[in-house]
Amino acid sequence: MQLSKLSEKTTLLALVLGATLICGLPLLLLFKTGLTGDGGLDLGPLTEAVQSRSVRSALWHSVESSFLSALAATALGTLLALLIGLTDIRAKGLLVFLILLPMMIPPHVTAIAWIQALGPGSPVLRWLGLAPELGSTHPLYSREGLVLLLTLQHSPLVFLLVRAALRSFPRELSDAARVSGSGSLLMLRRITLPLLAPSLLAGFALAFVAALGNFGINALIGIPARYTTLPVLVWRRLASFGPDVLPNVAVISVILAVVALAAILLQGVLQRRLRTSLIGLPQDPLAISLGRKRPFVEATLWLFVAFVLLLPATSLLATSLVRTYGLPLSAETLTLENFTEVLWRQSVTLRAFANSTLVAGVAALVIAVISLFLAYFLAHRKPAHRTWASLALTQSEVAFAVPGLVMSIAFILAFIRPLPLLNISLYGTLWIILIASVSVFLAVGLKPVAAAFLQMDGSLEDAARVAGAGFYRRMTRIFTPLAAPAAASGAILVFLTAYNEVTVSALLWSTGNETIGTTIFNYEDGGYTTLAAAMSVVVVAATILIMLTMNALARRVPAGTIPWKD
């Protein structure tokens, strides 16, 4: 028993130290570099940065576009959640799956697809005779275009939160309102929306922070529109001048991190003030009858889904099938040469697929293992164990909340010098991308596992202790089998996110260590539009395949683990 207690404490200590090393320490180094000088605390560089016209402009653009897109995403996501969660529309499962699909597609791929869908060279619009005149300004190259794409990218986040909140409501309040003669609109205004206020705030904050750190859309739309945001400013300076400007970009990254963390703290304060205690068990949501309006509402929903998914996807596929961007798709211009090029001839793309698969796979596996042990301590009966585990959880959540580009700068600062004792430098290797991925996405894989552990009966561990089972035996024989479905689901989500991301690896990649996200971005940025389209089509197909695989696992995992399954 003493050995079991020792191994339990050692594991907890290792988890806390590991979270500190890969989540907390890089951020501390970032703030130290940005806010201190030779004599200690020095706000001079921060003041100088804020006084810089380019930084002030980029900061305003970041806050403005993030606020507007978060507001629009909250409205759109809430409307979709209310329609699907409270009405009697049909095919809800398929609609939920399709609404969440844009969230799983990488932002830079979303930007490329919409650029090709609405531009003068759009194969689909040219075929329909609706394309803008050649040489005209692309309609998306503006603040409004940037806000539109950020809205479409992040509204599924709000949809998820609001839909989950609706499913947790007890039916008594709604039933009482219906019995009292309240109509659907009055019930929505007086009961549903006030109770949803904390979830709406959380959705807004999540959409705001996601837009604040979004790199792909901000770069591919913002640069041509001359609407530079802070992530793009950091990327351009570091890409142009290299590690010599690290102190300068560290200051800018601190500004970006402070804005993101301030938004999260403000959201937490407002949520606590608006929180309402509910009495009663959650039940099946209402199915408000739309009556004669149902066909119209369903048609509108399906037209929206078609606009959001089919138009950009069709344009992306059409661009990947022509020899040169701008050619109309026809029997004469149809070719598979672009797919042959990216899948067989280009060594960089083959290397990128291999690197991304390796990084995402290993990160998902490592996070699944860490989550099993950390979730155990988060649900532990001993307050001291829960406190230490909560410290590791907080660090992982901060690493996830801070924009990915900021974490990239933090990891460069942490690992640009050789590691002590080992004298090995991780900067410029695939290892730094892997460690950064584990740090940033740990919170994603941990949440479903933590939820699974909280549902377990404490008598399971009591029985195992009485039978003399040690810590690792209890973990391997009891808790791991029970939590494995949630851990597998979290691992798949991590793999899907890490496989496609570009924000974290945008500053960490190097020749020979390219990822799928950076390769697609570099193709588009370098003018190889058809190759970027072909590689994007492959990535979208892989994303859909993984989501369908998760869908097939829905019957074998706890209810609610798969986001679009009840």
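Q: What share of the residues in the protein is buried?
A: Of the 566 residues in the protein, 52% are buried, where buried means under 20% relative accessible area, exposed over 50% and partly exposed in between, with a 1.4 Å probe and protein chains only.

Q: What are the ground rules for these values?
A: This is a predicted model, in which local features need pLDDT of at least 70 and side-chain atom pairs count only at pLDDT 80 or more, while totals for chains, interfaces and linings use all residues. Residues are numbered from 1 along each chain as its sequence is written, and side-chain values use heavy atoms, with hydrogens and water left out.

Q: How many helices and strands are there?
A: The protein has 22 helices and two strands; these are DSSP runs numbered from the N terminus, with helices being H or I of at least four residues and strands E of at least two.

Q: And what part of the contacts comes from residues 24 or more positions apart?
A: Such pairs supply 78% of the contacts with a separation of 6 or more. Contact means heavy atoms within 4.5 Å.

Q: Turning to the core, which residues have the most contacts inside the largest one?
A: Leu-30 and Ile-409 do, in a nonpolar core of 150 residues. A nonpolar core is a set of buried Ala, Val, Leu, Ile, Met, Phe, Trp, Tyr and Cys residues joined through side-chain atoms within 4.5 Å. Apart from it lies another core, of 23 residues, including Val-16, Ala-375, Ala-389 and Leu-446.

Q: What does Leu-30 touch, leaving aside its neighbours within four places in sequence?
A: Leu-30 is in contact with Ala-250, Ser-253, Val-254, Val-406, Ile-409, Ala-410 and Leu-413.

Q: Where is Ala-410, and is Ala-410 buried or exposed?
A: Ala-410 belongs to helix α17, residues 404-415. Its relative accessibility is 0%, so Ala-410 counts as buried. With neighbours within four places in sequence left aside, Ala-410 is in contact with Pro-26, Leu-27 and Leu-30.

Q: What separates the C-alpha atoms of Ala-410 and Ala-250?
A: They are 7.8 Å apart, although the two residues are separated by 160 residues along the chain.

Q: On to helix pairs: how do α4 and α13 cross?
A: The axes of α4 (residues 92-104) and α13 (residues 294-320) come within 10 Å and cross at roughly 30°. Axes are lines fitted to C-alpha atoms, for helices over the stretch in contact, and angles run from 0 to 180 degrees between N-to-C directions. The two helices are therefore roughly parallel to each other; angles under 35 degrees count as roughly parallel, over 145 as roughly antiparallel, 65 to 115 as roughly perpendicular and the rest as oblique.

Q: Which residues meet there?
A: Leu-94, Leu-95, Leu-98, Ile-99, Leu-101 and Pro-102 of α4 meet Leu-301, Trp-302, Val-305, Val-308 and Leu-309 of α13. The contact of α4 with α13 has 11 nonpolar, no polar and no charged residues. Ala, Val, Leu, Ile, Met, Phe, Trp, Tyr, Cys and Pro count as nonpolar, Asp, Glu, Lys and Arg as charged, and the others, Gly among them, as polar.

Q: What is the angle between α18 and α20?
A: Helix α18 (residues 430-454) and helix α20 (residues 471-500) pack at about 155°, with their axes 8 Å apart. That makes α18 roughly antiparallel to α20. The residues of this contact divide into 13 nonpolar, three polar and no charged.

Q: And α14 against α15?
A: Helix α14 (residues 337-345) packs on helix α15 (residues 347-378) at an angle of about 65°, with axes 6 Å apart. Glu-341, Val-342, Leu-343, Trp-344 and Arg-345 in α14 meet Ser-347, Thr-349, Leu-350 and Phe-353 in α15. By class, the contact of α14 with α15 has five nonpolar, two polar and two charged residues.

Q: Changing topic, what is the phi of Ala-91?
A: Ala-91 has a positive phi of about 55° although it is not a glycine. Most residues other than glycine have a negative phi. Ala-91 sits in the loop between α3 (53-86) and α4, and is partly exposed, with a relative accessible area of 41%.

Q: What about Arg-226?
A: The phi of Arg-226 is also positive, near 55°. Arg-226 is in the loop between α10 (216-225) and α11 (230-241), and is exposed, with a relative accessible area of 77%.
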